[in-house]
Amino acid sequence: MRAVPTIRINIMGQFYKVMSAIFYHGSYIEKDHYTSICREGMSNTWIDANNAQIKKRQWPRGAKNICIVFLQKVDK
């Protein structure tokens with residue numbers, strides 16, 4: 001599995017930008033954990049939220065444990 005690009009994604013000739021995502025962390029149901037990350041406006045700054053805190057950060061390098069991605073259509 002490849003990491004998710006955040007700048008532009010081409011899906012059948014339409015271009016999209018990742019605006020937020022939900023990440024899965026865990027290996028079995030009793031210990032599973034989910035976090036979310038949302039783009040701050042149209043910038044490259046992200047807001048990371050989990051059970052304990054909310055903080056600004058960069059998109060996680062090589063992120064692969066994403067279960068839901070929210071996209072926004074952009075011009076080519």
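Guide: Salt bridges come to a count of two here. The rule asks for a side-chain nitrogen of Lys or Arg within 4 Å of a carboxyl oxygen of Asp or Glu. This is a predicted model, where local features need pLDDT of at least 70 and side-chain atom pairs pLDDT 80 or more, while totals for chains, interfaces and linings use all residues. Residues are numbered from 1 along each chain as its sequence is written, and side-chain values use heavy atoms, without hydrogens and water.

Visitor: Why is the meeting of Glu40 and Lys56 called a salt bridge?

Guide: Their N to O distance is 3.3 Å. The limit is 4 Å, so the pair qualifies. Glu40 sits in the loop between strand 3 (33–39) and strand 4 (46–49), and Lys56 in strand 5 (residues 54–57). The two are 16 residues apart, so the pair links distant parts of the chain. Strands here are DSSP runs of E, at least two residues, and helices are runs of H or I, at least four, both numbered from the N terminus.

Visitor: What makes Lys56 exposed?

Guide: Lys56 has 57% relative accessibility. Exposed means over 50%, buried under 20%, and partly exposed in between (1.4 Å probe, protein chains only). Lys56 therefore counts as exposed. Glu40, at 32%, is partly exposed.

Visitor: How do you know that Asp48 and Arg57 form a salt bridge?

Guide: Their closest N and O atoms are 3.6 Å apart.

Visitor: Is Asp48 buried or exposed, and why?

Guide: Asp48 has a relative accessible area of 8%, so it is buried. Arg57 has 34% and is partly exposed.

Visitor: What makes the pattern of the protein chain β-β-β-β-β-β?

Guide: The chain has six strands and zero helices. Read along the sequence, that gives the pattern.

Visitor: Why are Ile9, Val18, Ala21, Phe23, Ile37, Trp46, Trp59, Ala63 and Ile66 called a nonpolar core?

Guide: A nonpolar core is a set of buried Ala, Val, Leu, Ile, Met, Phe, Trp, Tyr and Cys residues joined through side-chain atoms within 4.5 Å. These nine residues make up the largest such core. Strand 2 (residues 14–25) gives the largest share, three residues.

Visitor: Which residues is Ala21 in contact with, beyond its neighbours within four places in sequence?

Guide: Contact means heavy atoms within 4.5 Å. Among the partners of Ala21 are Ile37, Trp59 and Ile66.
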